[in-house]
Each structure stands twice: as structure tokens, then as C-alpha cells.
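Please open the model in a viewer and keep the selection panel at hand.

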Amino acid sequence: MRIDIVSIFPEYFAPLDLSLIGKARSSQVDLAVHDLRQWTFDVHRTVDDTPYGGGPGMVMKPEPWGLALDALNSPSAQIIVPSPAGKPFTQEMAASLVPADHLIFACGRYEGIDQRVIEHYGATEVSLGDYVLFGGEVAVLVMLEAIIRLIPGVLGNASSLDEESHANGLLESPVYTKPPSWRELDVPEILRSGDHGKIARWRRDQALLRTASLRPDLLEKVWPTLDKRDLALLAEAGFASPGADVAE
Ligand code: SAM
């Protein structure tokens, strides 16, 4: 996979040399960070201007972005522009980007990038959540962490992807390590029993209960896939079918 990132703050991407992402960079991912200002030609290396129609703040000019994206574009490239007005970024979206040959991330600052750039390149605007950041850099770091760890071979133990939160629509069950007792809090006995069948069932139950109490919106989506035992567990814990209120 080739990944190009364009930003006026290339220094933001130093963490991409660390940890498993740094390792993936040397094998599976060919990643380059570019300073947008290299595509400016005035003495101040200007990348922004006042907004048409008035209002506060500055808007990123289309010309440097056009030169940058023309230079980096390829027939297989998908251009992604982080934006609070974009499609919400999810684990599903991260997984859908794993097979991509070439991703280009265009990091906005100020009031954002002139909309004609997004239109001209058919770029996809992607939001990290319903809040506003200073710029797209942190959003790109988050997206890259989510995408790169899904690339086959990046994680040492790929099976850890199967049961983690959002992989199957549920949150993962809580996890514990040694010691068995810490500050008078004990690791659930079942996890130390060695009975793999019971442990798997306990983890499933915990995932269901945790999702029901913390993220009922997620549970609603997987509700039709739950079996009788799942439903009985949830009913016993006081979680009714999400459609129940509506039906009454
Ligand atoms: N004026 C814009 C608006 O209200 O939609 C916000 C601009 S924000 C200050 C500057 C840049 O930060 C955006 O162009 C985008 O690249 C990035 N950004 C801010 N919030 C974001 C979010 N929730 N998700 C992804 N990118 C975000």
C-alpha cells in the first residue's frame, strides 16, 4: 500500500516511525509525508485566503492543493479529506480501505479546504466524530492506526483482531492479567479455570452486557443475529429488545 499525506505541519507525523506502524512502514506500507507549502511560489508560501461571502477565519487556497494532488495522484488513488462534515470513520471503513493500493490524505487547517478541490478530485470527506479539531493531522494519525493494524501481517497475533471491540458489532469483554488479586479486586474466577468453553461463553456474555449498557446503539444493529441464549441473558439483565418500546 502506498500512502501520501499532505499537510502544512509534517512534523505532526513523527509518531508514524514508532511501534508497529514504524515496522509496517519498512515492509507493507510505503508512506510519505509532504509539506503543502512546497507547492506555493510566493515569498510568504501562502496556503490560505479570506473566505468568499465573508465570515471569520481563513480558507485553504485551491492552487497549492491542486498542484500537490496532481503531483501525487495515481489512477488507483483514493483521496481522503478529514472533515467534521464528512462520513463517520468506523472500523468497517478502516477495513474497507485495507485493500487499497494508494491512499492520499489531505489535511485541512483553518476553516478547511476550498470545496472545489474536494469536488474536482472526487475526494471522500471523513469525520472522526462530532467535534471540531484544529486540523486534519490528528484525524489522519487515528485513521492510519486503525487501517494499518488491519493489514495482514502487521499484528503479530492476527487472531486478536477477531474478538476485539467493533470486529463483530460488540464491545470486547474486559481483560485481565497477573496478579490474580490487586487492591482487593480479584480476576473473575472463571478466567483462571482453564475451561476454554466456559471462558468463551463468559467472554461472549460480558461482551453482550457491556455493549447493552455502554453502547445500546451498537447492540440494536446486531440484535437480529443474537441467539436464544444471548437474548435470555440480556432479558435477565433487564435489557429488552430495542424494538420493544416502539412496538408498545
Ligand atoms: N469550519 C469547519 C467546519 O465547521 O466544518 C471546521 C474546520 S477545522 C477548524 C480545520 C480542519 O480540521 C478541517 O478542515 C479538518 O481537516 C480537520 N477536522 C476538524 N474536525 C475534524 C473531525 N471531527 N474529523 C476530521 N477532521 C476534522
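Begin with β5, which contributes the most to the shell around the ligand, namely 3 residues; strands are DSSP runs (E, at least two residues) and helices likewise (H or I, at least four), numbered from the N terminus. The model is predicted, with local features requiring pLDDT of at least 70 and side-chain atom pairs pLDDT 80 or more, while totals for chains, interfaces and linings use all residues. Residues are numbered from 1 along each chain as its sequence is written, and side-chain values use heavy atoms, without hydrogens and water.

Next, select the whole shell: 19 residues surround the ligand, the closest being P82, E111, L128, Y131 and L133. By type, the shell comprises 10 nonpolar, 7 polar and 2 charged residues (Ala, Val, Leu, Ile, Met, Phe, Trp, Tyr, Cys and Pro are nonpolar, Asp, Glu, Lys and Arg charged, and the others, Gly among them, polar).

Now display the ligand nitrogen atoms. One lies 3.0 Å from a polar side-chain atom of E111. The protein buries 82% of the 580 Å² that the ligand exposes when taken alone (Shrake-Rupley method, 1.4 Å probe). The elements giving two or more residues to the shell are β5 (77-88) and β7 (124-127).

Finally, select D195, in the loop between β9 (185-186) and α6 (196-214). Its side chain reaches the backbone nitrogen of K198 at 3.1 Å.

Note on methods: Near = heavy atom within 4 Å. Polar contact = N/O pair within 3.5 Å; in protein donor to acceptor, adjacent residues only side chain to side chain.
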